Amino acid sequence: MENSQARHVAVIGGGPRGTSVVERLVAGQLAAGSAAADLVIHVVEPFEPGPGHIWRTDQSRLFLMNTPSLYPTVVPVHSDREGVAEAPVALSFDDWRRQAGDGAITGMSPEDLAEIKGLASRDFPSRALYGRYLAWMFAAVVRRAPSGTSVLHHRREAVSLESGGRRRWGVVLDDGSRFDADDVVLALGHLAATLTPEQEKLQDAAARHGLQYWPPAVPGDVAWHRLPAGKAVLVRGLGLNFFDAMIQLTEGRGGRFAVQEDGRFAYRASGREPRLVAASRRGVPYRAKASLESYIPRSVVLRYCTSERVLAFRAAGVQPGFDHDLWPLLHRDTLWAYYSTLCRYEPHALTREPDRFLRELGAALDLEGPEWEAAAATAVGAAVPAASRVDVESLAHPLAGRRFADGDEFTEAVLAHLEADAAGSARGEEDPLKMAIGAMNAGRSVIKQAVADGGISDASWDAELRGWFEPLVEGLASGPPPARIAQLAALVRAGIVRFVGPSPSFGFDPDEGLFRAASPWVPGESFTARYFVEAMMPANRVATSLSPLMRNLLERGLVRPRTVMAEDGVPVISAGLDVTAPPYRAVHSSGRVQDSLFVIGLQLASVQWGTAIAAEAGAPLGAGGRTLLDADAIATRILTTATTEQQRPPAAIHA
């Protein structure tokens, strides 16, 4: 029998973000003890709660995370230091992995245990194993819920919200059933999206001419076995989804990688592989992660882009610009990380005594005004030969300005780039470029704090942070595990993978009746194929979402996208929803705040940067653990309201 006095909370989306909200609600109830109001938590998730869609435990173990075991967590693991309720199960993924390896975690499959046996803190786990952690954590949190708190899983998809009824919201599921809730938390994660006009043309051409066009998708959802052996496949995108496609179509087809005497991989084909023809705007893949014993290199300590400095603008009531105020701080740290590493491990590359050079460089970087950059360039020019210098911003386009005679010459250039990148990853803390990237990665968490919730102007957010810096740092610091780049190099040498060239054009060739790809920087070379794969996730834009629930919410005005002003004064619809300051409550199309409709995760892309990045174990909640802080703020607001209403005396009854 339903407890009519209990507060009902609907968490729509049972992946990592939804799991964190459930965990924070349970943690808050445990902390409140006997004062806690009765609570019913409804989790609406068509897949297993915990992993949800993206981290399904039945996906291929060839799909790896791009963070090492030591990085992710779905709960605060040092909550006592942060002023939030203690986690009922305070295990990061690495904690859970160690306990599972020791036999303290039951219910593990033989495949899970086999993977864990070969996994260390610095290694990169499969997404399936991380999903197992999420599923276990969700179940463990639910088991620890106190009396008076219950968690119900609805294995359906929510398709609409209705206002009114017995409670504030009616949640309608895809089977037509409905339940009522006082509060709703949208933790929707990745959603299917409409195609761009160009993608629609490619899809239409495929339908009319008997070709196959594979739109953006979650890699675990793709039927890779349908791509035929020996046939050319055009692949657009050289980011993380490309590596998933690459490994599934090679090692997943029975091919094998082996380490040679020179340390490089060799690939032995199975004969069942397609021939992959890949391209992206920059022409080369994301750079690999470095081989490290920690997430941020131990030698990297931010001296300029610190929380104190970047948050000082907000404290002073100043809205900084990214290019003018924030990037110069991170740029300094990036240069220092590069050149200090060069001095430690390659002093022979300098024309001046390393200690003297570092003193001069440090003095230049310490200058407060804009003259620091010229002073740093002077110090570098006097001590470092041109071949050993770094131009940080040019790293986004390592082959820019080069024209190639043909496809073979371009492929050789990319192969040299891949092998240098793999060698740099293997050097770890001794590689200057990887340490510069490590500084950028460290600074990224600090920048996330500074720019959140209106920390920079809309114009700076759009044109600067998102316009040029995001592609730069994503391509450098969000790359695959080190082995994937070395494996790609082996596939290039084996003739399985070729590259189109920078700034590629894709289209349908009506004369050939095939898809065609070409690059203006590789004259006389083009590629045709019957198969075209978009190696990317669906666009994270609420306005183009195909989610029935999101479309319903937008159509009925229960939520709205945030609109910002570009530099020229033209309004631009942002990727995320319009929300209040934390705890993030949705804004109605009329501008009214929806007090009991909360948002967490990817749909906060209008007010947070890097919303897809998992919480970092041990990081401050305001920085690397921001998603946990958001979950805690939402849970705190819900529980505070529940307790207040429970204590409110009943209204008087008049005869």
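Predicted model: local features only at pLDDT ≥ 70, side-chain atom pairs only at ≥ 80, totals over all residues.

Visitor: How many aromatic pairs does the pairing rule give?
Guide: The count comes to 23 aromatic pairs. One of them is formed by Phe93 and Tyr133.

Visitor: Why is the pair of Phe93 and Tyr133 called edge-to-face?
Guide: Ring centres have to lie within 6.5 Å to pair, and planes over 60 degrees apart count as edge-to-face. For Phe93 and Tyr133 the centres are 5.6 Å apart and the planes stand at 90 degrees, so the pair is edge-to-face.

Visitor: Where in the chain do these two residues lie?
Guide: Phe93 is in helix α2 (residues 93–101) and Tyr133 is in helix α4 (residues 127–143). They are 40 residues apart, and their pair links distant parts of the chain. Both Phe93 and Tyr133 are buried.

Visitor: What makes the pair of Tyr213 and Phe532 tilted?
Guide: Planes under 30 degrees apart would be stacked and planes over 60 degrees apart would be edge-to-face, with the rest called tilted. The planes of Tyr213 and Phe532 are 55 degrees apart, and the centres are 5.5 Å apart, so this pair is tilted. Tyr213 is in strand β9 (residues 212–214) and Phe532 in strand β18 (residues 531–534), 319 residues apart.

Visitor: How do you know that Tyr213 and Phe532 are buried?
Guide: Buried means under 20% relative accessible area. Tyr213 has 8% relative accessibility, so it counts as buried. Phe532 has a relative accessible area of 0%, so it is buried too.

Visitor: Which residues do ring pairs link into a cluster?
Guide: The cluster holds Trp55, Phe93, Trp96, Tyr130 and Tyr133.

Visitor: What places the charged end of Arg303 over the ring of Trp336?
Guide: The distance part of the rule asks for CZ of Arg within 6 Å of the ring centre. The charged end of Arg303 is 4.1 Å from the centre of the Trp336 ring. Arg332 lies over the face of Tyr304, at 5.9 Å from the ring centre.

Visitor: Why are α8 and α12 called roughly antiparallel?
Guide: Helix α8 (residues 322–345) and helix α12 (residues 432–451) pack at an angle of about 155 degrees, with their axes 8 Å apart. Angles over 145 degrees count as roughly antiparallel, and that makes α8 roughly antiparallel to α12. Their crossing is right-handed.

Visitor: Which residues make the contact between α8 and α12?
Guide: On α8 they include Phe322, Leu326, Trp327 and Leu330. On α12 they include Pro432, Leu433, Met435 and Ala436.

Visitor: What makes α7 and α8 roughly antiparallel?
Guide: Helix α7 (residues 307–315) and α8 pack at an angle of about 170 degrees, with their axes 10 Å apart. The cut-off is over 145 degrees, and α7 and α8 are therefore roughly antiparallel to each other. Arg309, Val310 and Phe313 in α7 meet Asp325, Leu326 and Leu329 in α8.

Visitor: Why does Val473 count as buried?
Guide: Val473 is found in helix α13 (residues 458–477). Its relative accessibility is 0%, so Val473 counts as buried. Leaving aside neighbours within four places in sequence, Val473 is in contact with Met440, Arg444, Ser478 and Trp609. Val473 and Glu393 are 80 residues apart in sequence and 9.5 Å apart in space, C-alpha to C-alpha.

Visitor: Why are Asp453 and Ser503 called partly exposed?
Guide: Exposed means over 50% and buried under 20%, with partly exposed in between. Asp453 is at 27% relative accessibility, so it counts as partly exposed. Ser503 is at 40%, so it counts as partly exposed as well. Asp453 is in the loop between α12 and α13, and has a positive phi of about 55 degrees although it is not a glycine. Ser503 is in the loop between β14 (497–499) and β15 (505–509), and its phi is near 45 degrees.

Visitor: How do you know that Ser34 is exposed?
Guide: Ser34 has a relative accessible area of 84%, and the cut-off is over 50%, so Ser34 is exposed. Ser34 is found in the loop between α1 (16–32) and β2 (39–44).

Visitor: What makes the peptide bond from Pro582 to Pro583 cis?
Guide: Its omega is near 0 degrees. Pro583 is found in the loop between β20 (571–577) and β21 (585–587).

How values were computed: Residues numbered from 1 in each chain as written. Heavy atoms only, no water. Phe/Tyr/Trp six-rings, centres within 6.5 Å; stacked < 30°, edge-to-face > 60°. Helix = DSSP H or I, 4+ residues; strand = E, 2+ residues; numbered from the N terminus. Buried < 20%, exposed > 50% of the residue type's maximum accessible area, 1.4 Å probe, protein only. Lys NZ or Arg CZ within 6 Å of the ring centre and 35° of its normal. Axes fitted to C-alpha atoms, helices over the stretch in contact; angles between N-to-C directions. Parallel < 35°, antiparallel > 145°, perpendicular 65-115°, else oblique. Left-handed = near helix turned anticlockwise from the far one by under 90°. Contact = heavy atoms within 4.5 Å.
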